[in-house]
Amino acid sequence: MFNFANQFNDALTIFLGIIVQAIPFLLLGVLVSAALAHFVKEEYLLKLIPKNRFLAVLVACGLGFLFPVCECGNVPVARRFIQKGVSPAVALTFLLSAPALNPVVIFATWSAFSHQPEVLWFRILFTFLIACGVGLLFSFHPHPEKLLVNKDFFTKETAACDCFHGKHSSKFFAFFNTVLHEFLEMLSILAFGAFLASILQVIVPRDLLLIIGKGPILSVIVMIAFAFLLSVCANVDAFIALSYSNLFTVGSLVAFLTFGPMIDLKSLFLFKTTYTWRTVGFVALLVLLLTLLLCFGLNVFLY
Amino acid sequence: MTQSRVRQFVYRFLPPLLAIGYGSYLLWLFFSKKVLLFVQQGYVFLSLISGIFLILVGCIELVHFAVSKRSKESCEATHEGPLYLLALLLPLVFALVVIPKPLSSSTAALRSGGINTDAAYTQPQHKLSMFAIDTTNRSIIDWIQLFTQDPEPDRYKGLKVKLDGFVMEDPTLPPNYFLVSRFVISCCAADARPVGIPVRYDPKKVQIHSDDWVEVTGTLDIDEIQQDRQPVVIADGIQPIPVPDNPYAN
């Protein structure tokens, strides 16, 4: 039943599936980012975000409602926030919360789990807690610019480069130039993540995950691993979780829906365009530990 | 071409051409209906919109070059290296060279752990009634939803079925059985889950192979498989069919 030709074909189908599915959402994110870059003044954006770090993190958690971008589209937006002067920690909170805490995803989760509304409530609560917690922790970093790959990654494109999109070209062309370059950059990284995910998907037997995935602790671990490997869009992950709802504990479903939108194979590489590997690794580890802790607690104490 | 010409091409013309390339690929997928191999029906129009948009973005950039009188050299140092642009050519080349196919039984075998338990939660394709007179228009997924709602196999005994799907040979079934299967997808091929209904057939009369697409006509009966009484299709006819436009069940 197994043959290499089939596996190669399936990997390609899964790979192109992720790409074709992600392109519209990536474009949406890039459009928002380019609009922010060319049509929104820094002051407006900074006025939106309070000076106090606690309040700032809280507001960042709600920004998903203003910019409903999933995890394919939120990185260019977050990067643009940073360029406009938002602190890297606040941008991180936005990165972690926006894919799950936005009207599209909440509606999708609600329609999938209307028979089990606690899954939605805990997804919202846990995403909020983790995104705020991680953002707050990083806001105490003494040198926030060290969290970033290159603190002036945009200046070279928007100011220093005077080839086409400097002061001489019109806003119209500059806008589409940003859209084009940012889209291609994000797509290339997405393609790499999708490539890894598609290879793993045709090699790792899912049965194995499901068989070991019983019990309040193991099920959470398995669903987190599953979310990481699957790398599906936050907009639809609720429907995928739904298909396992009769096999898995509530805590593990919430873990899948909380961890997946924050960290998965493709988003790790997308994060890397903005933050250093050190930061990305630390964030991933923190999110993992917090998700484990919260969902274990949910399984052990409530269900 | 001299080196600077190559560089100029890579930095200036490759990005818009890539956008136009990806846009055209999306449009081709849309109009050839091949996009259904990759994403769920509800997302198909998004690929049309993004295809058109990408082509537009690429063309605007080309027009930009045409009207811009800036020097040609100053751009090179200021953008990211061409590596990621070249990396983007790869998927496009693969996509064009390899003819896309639906997911196969190899992947189904990796995912069969929760077989059929998943499907109950997807949207029914037709209004289902336990009392329908003509039951041959029910799809694989319709039947599985019915079996999940009411698992008593006696209810289904004797009902006529006509099912199209791909052949999946399941080693846990006796040798004269196969599963007539479909993948269910909610978003894209990455989340596909297989569903299938066991079919009992006469291996002397019909030759079947994994991943063949077939239309199975027959009657539902009850067999005991692995100490479990379950509905199976007793095949009257197994006809090869071409791969349908939408090979998945949503």
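Predicted model: local features only at pLDDT ≥ 70, side-chain atom pairs only at ≥ 80, totals over all residues.
Helix α1(A) passes helix α9(A) in a right-handed crossing.

Helix α1 of chain A covers residues 4-39, and its axis comes within 7 Å of the axis of α9(A), the two crossing at roughly 150°. Angles over 145 degrees count as roughly antiparallel, so α1(A) is roughly antiparallel to α9(A). The residues that form the contact of α1(A) with α9(A) comprise 25 nonpolar, six polar and three charged.

Helix α9 of chain A, residues 171-203, has 33 residues. From its first C-alpha to its last, α9(A) reaches 48 Å, which is close to the 48 Å expected at 1.5 Å a residue. Of the 33 residues of α9(A), 25 are buried, so this helix is largely enclosed by the rest of the structure.

One residue of helix α9 of chain A is Leu196(A). Leu196(A) has 16 C-beta neighbours inside 10 Å and therefore counts as partly exposed. Between Leu196(A) and Phe269(A) there are 73 residues of separation in sequence, while their C-alpha atoms are 11 Å apart in space.

### The helix pair α7(A) and α13(A)

A further packing in chain A involves helix α7 (residues 117-139) and helix α13 (residues 250-262), whose axes come within 9 Å and cross at roughly 50°. That angle makes α7(A) oblique to α13(A). The crossing of these helices, α7(A) and α13(A), is right-handed.

On the side of α7(A), the residues that meet α13(A) are Glu118(A), Val119(A), Phe122(A), Arg123(A), Phe126(A), Thr127(A) and Ile130(A). Their counterparts in α13(A) are Val250(A), Leu253(A), Val254(A), Leu257(A) and Thr258(A). By type, the residues of the contact of α7(A) with α13(A) divide into eight nonpolar, two polar and two charged. In general, an α-helix has 3.6 residues a turn, so residues three or four places apart point the same way.

The two pairs are set out below.

| Helix pair | Axes come within | Crossing angle |
|---|---|---|
| α1(A) and α9(A) | 7 Å | roughly 150° |
| α7(A) and α13(A) | 9 Å | roughly 50° |

### Chain B

The secondary structure of chain B consists of five helices and six strands. Along the sequence, chain B follows the pattern α-α-α-α-α-β-β-β-β-β-β. Chain B has 250 residues, of which 41% count as buried. Among the contacts in chain B with a separation of 6 or more, 71% are accounted for by residues 24 or more positions apart.

Two residues of chain B deserve attention for their backbone angles. Most residues other than glycine have a negative phi. Lys33(B), although not a glycine, has a positive phi of about 65°. Lys33(B) lies in the loop between α1 (3-31) and α2 (44-67) of chain B. With 12 other C-beta atoms within 10 Å, Lys33(B) is exposed.

Asp211(B) is likewise not a glycine, and its phi is positive at about 75°. The loop that holds Asp211(B) runs between β3 (193-200) and β4 (213-225) of chain B. Asp211(B) has 22 C-beta neighbours inside 10 Å and so counts as buried, whereas Lys33(B) is exposed.

Note on methods:
Residues numbered from 1 in each chain as written. Chains lettered and ligands numbered in written order. Axes fitted to C-alpha atoms, helices over the stretch in contact; angles between N-to-C directions. Helix = DSSP H or I, 4+ residues; strand = E, 2+ residues; numbered from the N terminus. Parallel < 35°, antiparallel > 145°, perpendicular 65-115°, else oblique. Left-handed = near helix turned anticlockwise from the far one by under 90°. Contact = placed C-beta atoms within 7 Å. Nonpolar A, V, L, I, M, F, W, Y, C, P; charged D, E, K, R; others polar. Expected span 1.5 Å × (residues − 1). Buried ≥ 20, exposed ≤ 12 C-beta atoms within 10 Å, placed from the backbone.
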